[in-house]
Amino acid sequence: MTTITVNGKPHTVQASPDTPLLYVLRNEVLLNGPKYGCGLAQCGACMVLVGGQAMPSCVLPVSAVSGPVVTVEGLGTPDKPHPLQKAFIEEQAAQCGYCTSGMIVSAAALLQGRKQVSDAEIRAGLERNLCRCGSHMRVIAAVKKAAGGLA
Amino acid sequence: MDQPVNRREFLQTHLALVVGITGITGSAAIVGDAAAQAAAPGVIGPNPSLLDTWLRIGTDGRVLVNFGKMDCGQGLDVAIAQIVAEELDVPMQFVRVVLGDTRVTPNQGGGSGSTGVRLGARPLRNAAAEARRLLLEMGSKQLGVPVGALVVRDGVISVAQDSGKSVSYAQLIGGKNFDAPLKWNKVVGNGMNAEGQAKPKAVSEYRIVGQGVKRADIRDKVTGTPHFTAHVRPGKLLHARAVRPPVAGATPEAVEASSIAKIPGARHFVQGGFVAVVADSEWNAIRASRALQVRWSTPPAAFPGGEAGLFDRIRAATPTASNAVPMFAGKKDHDAAPTLAALAGSRKVIEAEYECAFQSHARISPSCGVADVRGDRAEIWTDTQKPHYQREGIAKLLGLPTENVQVTWMPGAGSYGRSDADEAPFEAALLSRHFGRPVRMQWMRDEGTAWDPKAPAAVVSMKAGLDDANRVTGWYFKAKGFNGWDVKYWADGPEQVLVGQLLGARRAAAYNFNVPEESYKFPNHVHWWETVPPYLQDASPLRTAHMRAPQEMQTRFAQESFIDEVAHAAGKDPVAFRLEHMQDPREKDVLRAAAEKLGWQPTAAGSGRGKVSVGRGVAVHAGYGSYACAVCEVEVHQDTGRIRVRKTVVALDCGLVINPIGLRATIEGQIMQGLSRALYEEVHFDERKVTSTDWYSYPIARLEDVPQQVELVLLNRADQPIGGAGEPAIVCFPPAVANAVFNATGIRIRRYPLTPEAVKKALS
């Protein structure tokens, strides 16, 4: 039986080792942050941090998880939001919100150890994240704002 | 969202009667008939003639409002809460809006035609005004002074001259019924309205409406707080996946059950053309859907000629219907003879044909639905745009009385019209009944892109004549395309969804396309549309349905590109030429506002030509009671064929603005989706199947496509009726981009999407 660490807590995996991490997080740990968008690592809706790196959980077999897993729920809560979550709320950087968790996780990886980030760096850093509703402009604004807040 | 009325209290005291009458839907061939939209009574839901149906006040003073529309991700409920708070004189935070639940919300038509505020708010505004009137009467009795001596602020009624004498709404009515009537206009759907004796406030009195109010639900979205359809996980849940045929039109001839025997808990289901698997774990359901061995029939090629033959097929097809007015406006014949005669006698004739590809809703996450069917009752969780109609459709699918099916609407992945949102819930219901457990069906990415309903492809033919003075002598517009709704704008029967068609349900014929509604006046002006037969009659991955600004993307691409072509032939500036022919002052105003904001100057086409050519283009749109104009400044890269929109200005007049924050967000969304549909989106298909199955084969706009500069000009016309805001702006982008490309390079591209391949080819 594999044990993984999710948002700081150990979890004993029930599913078969080939099960993508996304389904373990959603159906066993009952998390709702990472979402199913494509199952092909093309859209970024399922992004989580694994050992600090942003990875698409929809194609990562749970047996291959080699570091602590952090989802958007682990970054912050409604009462104690992460600077990115706070910035996304202030900038109203979501419409349907399906891409939002993935955007925040990718941004968290991008902003690690940085005091500022340029428009071009944000576009490149979040290039694996798609948004269909058109919240892109506000996402860029939110990430910029959060970078200032993390400094 | 905000602090809700105590849910237990709400459920205990809710007394709205459920009145459901299943009308006869699916009438005979209807062409552009307004009656088609309004005719069938369908499901009414709770009784709209009772004030308590619409609005209740809890013991804590919180206001619960039942809204029969829902939100596709634009925060519509915030505007509704503002309107109710305004009329009732309560703080915004006191108001909670319940969306789309068929148990408690009347059928106001769901998300539809940008009517959320302009039509959907009406009964709620009236109900809130009536509630305030009744509360003032109660307050008057309680405080022993006439109504005229009272003031209301923040849900508290007090004597104007003696503020110590007061009573709150909660004290007067908290947790109790008003038991008061409203006059319902007997319309079901978008046009539903109900009125009391009270008159709503004048715009000049507004303190809340018109203010920028932020959405509270974004907090849920950034923290992963459960609120989506995809989060619903009843006990004993079975996960389901469909198994689609390798080619369109193929049906299952045999299924090898043993092929999934080794996958724990996996079972298959076959009925008619529908094949699915279920399992206790989601991953096992996915594995089983890939492992299940099915022998499929070998039908004739569904799409002869493939996408290479698409537009010639449209040109050559015999029309199925023809009409000269926009959607839902009735039927009108056309006569092109005077126009053609005028053109024949003109000094110069300009002719052009525009081609518009099939496009997919391509939602960020495909269809998802949960169903729990027990005996003769069913409970459904869905993010459909039309929950009341889905309820009716699933009831018909299962052969149950409509009252026995309840649909809980929840937010889902953004939806922009009649998307795939209805598909999974119908399938889940069918499987739940069969397997006797709750079922969650999630469509996979290839199903969402290949098998969802599509915006129809079209060819639009345009001609215009000029006289010696370069004045227009005639204007000819003919849109010819696939029918705008192979499946209806709502799923009120099995024939309207893929699984129903796979089970043999057949839809009645109805045809629709569109003509432009802008106010240009030309001599000898004729316009009409024609629809052509579909490639595949039933269960087609190219079946069409409404997608954001239905048939307007196609018709305005042509009209707004062509007017530029005619202006160019006449030696006139595109902005000036439009202004010359526009009749509607509000249309002129948005055009001037956008042009001015960008600093529009007449320039010669192709004067910016180079390795990177720079140019500007404009387009206008009138529709939904609103007026929009977009101006784009683009770079065209010769080596890659890439178009980069570096600046855009959008001016929008949608009458009275309820919430400028929400309005800006809605326009920004339309900018990105409009650029996406202009630059990238086309459904690829070969002779046997749709080959757009993922984000590589159906690319959309990404973060890198965000323009460097975006300016919005909101023309707040408080004296005008509220217009729709969710669709008018997106229409402007394909033609504005094509016009900008022409201005930059001198090359006219007459097809959307304007892909890099198409641009490179055109430039060479």
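**Exercise 1. The interface**

How many residue pairs are in polar contact across the interface of chain A and chain B? Describe the side of chain A as well.

*Solution.* The model is a predicted one, and across the interface of chain A and chain B the rule finds 30 residue pairs in polar contact, both residues being at pLDDT 80 or more. On the side of chain A that touches chain B, at least two residues each come from α1 (21-27), α2 (72-75), α3 (83-90), α4 (100-111), α5 (119-125) and α6 (136-150). That side divides into 24 nonpolar, 16 polar and 10 charged residues.

The next step turns to area: the two chains, A and B, bury about 4,800 Å² between them, with 57% of it on carbon and sulfur atoms. In chain A, the residues that lose the most area to chain B are A:Arg123, A:Arg132 and A:Met137, which together account for 19% of what that side buries. The rule also finds 3 salt bridges across this interface, and A:Arg132 meets B:Glu681 through their side chains in a salt bridge (2.7 Å, N to O).

**Exercise 2. Strand β15 of chain B**

Determine which strands pair with β15(B), and whether its residues are buried or exposed.

*Solution.* Begin with the pairing: strand β12 (residues 238-243) of chain B runs antiparallel to β15(B) and is joined to it by 5 bridges, with B:His239 having B:Ala279 as its bridge partner. Strand β14 (residues 267-271) of chain B also pairs with β15(B) in the antiparallel sense, over 5 bridges, and here B:Arg267 has B:Val278 as its partner. In the hairpin of β14(B) and β15(B), 2 residues lie between the strands, and B:Gly272 takes a positive phi near 60°.

Next, consider the two directions: B:Phe274, B:Ala276 and B:Val278 point one way, whereas B:Val275, B:Val277 and B:Ala279 point the other, and all are buried. Since 6 of the 6 residues of β15 (residues 274-279) are buried, the strand is largely enclosed by the rest of the structure.

Conventions:
Residues numbered from 1 in each chain as written. Chains lettered and ligands numbered in written order. Predicted model: local features only at pLDDT ≥ 70, side-chain atom pairs only at ≥ 80, totals over all residues. Heavy atoms only, no water. Buried area = accessible area lost by both parts, 1.4 Å probe. Salt bridge = Lys/Arg side-chain N within 4 Å of Asp/Glu carboxyl O. Polar contact = N/O pair within 3.5 Å; in protein donor to acceptor, adjacent residues only side chain to side chain. Helix = DSSP H or I, 4+ residues; strand = E, 2+ residues; numbered from the N terminus. Nonpolar A, V, L, I, M, F, W, Y, C, P; charged D, E, K, R; others polar. Buried < 20%, exposed > 50% of the residue type's maximum accessible area, 1.4 Å probe, protein only. Pairing = 2+ DSSP bridges.
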